[in-house]
Protein chains: 2
Amino acid sequence: MAGVKRGSKIAEAIAQDILSQICDGGLTVGSQLPSETQMLADYGVGRGSLREALRILEVHGIIRIKSGPGGGPVVTGATTRDFGRMATLFFQASGITFREVIDARLVMEPVIARLAAQNCDREQREGLLAARTSTESDDAYLKTSANFHRRIASMSGNRILNLISHAIEDIFHERVVGMLFPPEKRDDVVDAHDAIAEAITSGNADEAERLMRDHMAEYARYVEARYPALVDEVVAWH
Amino acid sequence: MAGVKRGSKIAEAIAQDILSQICDGGLTVGSQLPSETQMLADYGVGRGSLREALRILEVHGIIRIKSGPGGGPVVTGATTRDFGRMATLFFQASGITFREVIDARLVMEPVIARLAAQNCDREQREGLLAARTSTESDDAYLKTSANFHRRIASMSGNRILNLISHAIEDIFHERVVGMLFPPEKRDDVVDAHDAIAEAITSGNADEAERLMRDHMAEYARYVEARYPALVDEVVAWH
DNA sequence: AAGCGATATCTATGCGCATAGTTATACGAG
DNA sequence: CTCGTATAACTATGCGCATAGATATCGCTT
């Protein structure tokens, strides 16, 4: 690897330029980029090269290409899910298993909780306390439970850690859609969430970290018991 | 984003298939994949679609495309640098600055040091103790200093965290090549590295974490003082 | 007003041809 | 044996043409 230089192909250069235009041009989700025909004229390249560039951006979730009148690339704004998807490409290449994904969460979530306890502002505190995990229905449980963790990650004060934390979680939940704790265990989850929220909002970083570590360890044990084959499965990109 | 479905284009499907073949076929760095012409026959698609697929893999560092006789895609094996590069695409899209990169390191490295203290085996311990940071020359300093951190990340016991830690560091060092602490401060760095190594190898996780946190805080202060404009610069993909 | 069908406009993909650049290999000269 | 050159084999990129699919818009009918 040492001597291998990253070749800058036309497609990559165009993709980078388009990305810069999106970022520097104040474009937001839903913004329409010039059509392919217009871009061909603007960049003075062949259709193939432009298609390659657009595909790179599309596969990262930066744009979506709309066909039909008024069509062309539309800014979609990459999500943590997109980041997680791209990460799975690397994970697959490295043979990384879901066990490692869960283990990484085991490490990251307590750290995030500690940071949240140290960094959150008043509005975030109020939001966290208000966002109780619901056991009313399976749907409500799934939604509010995931929202709990995402909210904490958002409070960490660092967008990179937020992104990574979300992405790791997304990777798992893309593979196992709608993983439900059994109903009789959900009250325990709610209690754990509440205790964590209490620790975070009262600024008790040590306690937040400890409680989250315990909570995630419980989660990891449950996943291992519920999906024993899955945890040794290599993460695949798709 | 909720309703936006990731369209699976031909190019992406082929890229995924090629990646699976690389991973499942026991191919290693340097392995030659079939030539473009052969792949066109194998997949029964147009050259443009295949080119798009190969470009996706190439931009991620999975393959390199060799021209000339015996040419075609060659497995390169993605590095943490490649992962870091892809991450910068997302960081740019999010407007993430180098300050946040450094802050993320501030958080990750102490966690990694703690994990290393908890997880390393005897061989790793011996390796870490033997790998002293050299102040003999600028080159030696750069090399051994970076190697110190990489070695610790490798000892964390989790490849994802290893990958992320490396990638975050690579992002910064791709932007600032050969960042040198001034010679009069290097002995301090060496002392810090030695103390961290001692804590890790004696299994003192708390101490390892604390020392690394102090060390990284010093590093962050130095970077801020040395590159005040850089830290507020948005990370760019290139 | 709402729904349906037709039309226009775009992208998605394939095909064939072309020039240009890169690189491995073979051959000849010193 | 070594070095330089020529050749062959590959990719990189552009161009033009074609069919097919997706989607927005407009007009007509109910």
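Student: Which residues does B:Pro73 touch, not counting residues up to four places away in sequence?

Tutor: Ten names to look up: B:Ser31, B:Gln32, B:Leu33, B:Pro34, B:Ser35, B:Met39, B:Leu54, B:Ile63, B:Arg64 and B:Ile65. Contact means heavy atoms within 4.5 Å. This is a predicted model, where local features need pLDDT of at least 70, side-chain atom pairs count only at pLDDT 80 or more, and totals for chains, interfaces and linings use all residues. Residues are numbered from 1 along each chain as its sequence is written, chains are lettered from A and ligands numbered from 1 in the order in which they are written, and side-chain values use heavy atoms, leaving out hydrogens and water.

Student: Is B:Pro73 buried or exposed?

Tutor: B:Pro73 is buried, with a relative accessible area of 1%. Buried means under 20%, exposed over 50%, and partly exposed in between, using a 1.4 Å probe and protein chains only.

Student: Where does B:Pro73 sit in chain B?

Tutor: In strand β2, residues 72-75. Strands (E, at least two residues) and helices (H or I, at least four) are DSSP runs, numbered from the N terminus.

Student: Over to chain A. How many bridges pair β1 with β2 there?

Tutor: 4 bridges, in the antiparallel sense, join β1 (residues 63-66) and β2 (residues 72-75) of chain A. Strands pair if DSSP finds at least two bridges between them. A:Arg64 stands opposite A:Val74. The two strands form a hairpin with 5 residues between them, and A:Gly68 in the turn has a positive phi of about 95°.

Student: New topic. How many residues surround DNA strand D?

Tutor: 19, and the closest are A:Lys9, A:Ser49, A:Pro69, B:Glu36 and B:Arg51. A residue is near the strand if one of its heavy atoms lies within 4 Å of it.

Student: How much of that is sugar and phosphate?

Tutor: Sugar and phosphate make up 73% of the atoms of DNA strand D that come within 4 Å of the protein.

Student: Which polar contacts can I look at?

Tutor: Polar contacts are pairs of N or O atoms within 3.5 Å. An N or O atom in the side chain of A:Ser49 is 2.2 Å from a phosphate oxygen of DNA strand D. A polar backbone atom of A:Ile10 is 3.3 Å from a phosphate oxygen. For a base nitrogen, see B:Pro69: a polar backbone atom there is 3.5 Å away.

Notes: A polar contact is a pair of N or O atoms within 3.5 Å; within protein, one must be able to donate a hydrogen and the other to accept it, and residues adjacent in sequence count only if both atoms are side-chain atoms.
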